[in-house]
Amino acid sequence: MATFCKRWLPLEANPEVMNQLIWGLGVPECEAEFSDVYGLDEEMLEIVPKPVLAVLFLYPDSAKDEADREELSQSLNCLQELPKHVYFVQQTVDNACGTIGILHAIGNASSAIKLVEGSFFDRFYKSTANLNPYERAQCFECDGEIEDAHSVAASAGETEANPNVEEHYVCFTCVNGKLYELDGMESQPIFHGYSSPETLLQDAAQVIRHKIEKIPHSVNFNVIALSKKHPVM
């Protein structure tokens, strides 16, 4: 169990809350937005706005068993070193996994999203581009702007924020034709095979289905997609 120096209120799995957070931190409203993924079958995936830039998955963190850890260890060993083109931040703040997931989603979709110049996201990604994941985490932990924005977002949810939660967010993204799971509680990205921007949602859904099958007695799952908005003609 990780020991944290700071503890925030958890971020609700609510696309409206997440959208207000990213739009306030530098993603233009006309560029991208989060939306719910209501099911993992092909019919439900088809109605998710396209193109999908990233997928957030919220699940019971206590669900990791020995088999999961062995599978994870093998995945990390396949990578051997941190992929240079993947933007990855370690988590050093308790309950910050939702905002860390958003950082991963936006940071690895920077080529598809034109951030507001001088905004928090613009400054944070530029200033941490050459840092390692732990150094990025320290910048995140010490930044008052992102802490305040997270606090406002965490208080804006439909349910009362409870700091004692067992759910955890991870982000799925496609970088250079490879599917990665970005979990700030791990030392580096988790490689899940090959993918593409066109198949990211389906490929992430397949991994997510596999994870859910291992926790048959829980219903505490949420899947949220970050999609690029089409320009208004």
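Start with the contacts of the whole protein chain, where contact means heavy atoms within 4.5 Å. Among contacts with a separation of 6 or more, 75% join residues 24 or more positions apart. This is a predicted model: local features need pLDDT of at least 70, side-chain atom pairs count only at pLDDT 80 or more, and totals for chains, interfaces and linings use all residues. Residues are numbered from 1 along each chain as its sequence is written, and side-chain values use heavy atoms, with hydrogens and water left out.

Switch to the cartoon view. The protein chain has eight helices and eight strands. These are DSSP runs, numbered from the N terminus: helices are H or I with at least four residues, strands are E with at least two.

Of the 233 residues, 52% count as buried. Buried means under 20% relative accessible area, exposed over 50%, partly exposed in between (1.4 Å probe, protein chains only).

**Stop 1: helix α6**

Select residues 133-142, helix α6. Its buried residues are P133, R136, A137, F140 and E141. They cover an arc of only 140° around the axis, so they sit on the same side of α6. That arc is taken from the directions from the helix axis to the C-beta atoms. An α-helix has 3.6 residues a turn, so residues three or four places apart point the same way.

Now show what covers these buried residues. The cover includes β1 (6-7), β4 (93-94), α4 (97-107), α5 (120-128) and α7 (144-155).

Next, pick N132. This residue caps the N-terminal end of α6. A side-chain oxygen of N132 lies 3.0 Å from the backbone nitrogen of Y134.

**Stop 2: N95**

Select N95, in the loop between β4 and α4. N95 counts as buried because its relative accessibility is 7%.

**Stop 3**

Leaving aside neighbours within four places in sequence, C97 is in contact with Q91, E167, H168 and Y169.

Finish on H168, in strand β5 (residues 167-175). H168 is buried, with a relative accessible area of 4%. Which residues does H168 touch, not counting those up to four places away in sequence? They are F57, L58, Y59, D61, Q91, C97, D183 and M185.

Conventions. Polar contact = N/O pair within 3.5 Å; in protein donor to acceptor, adjacent residues only side chain to side chain.
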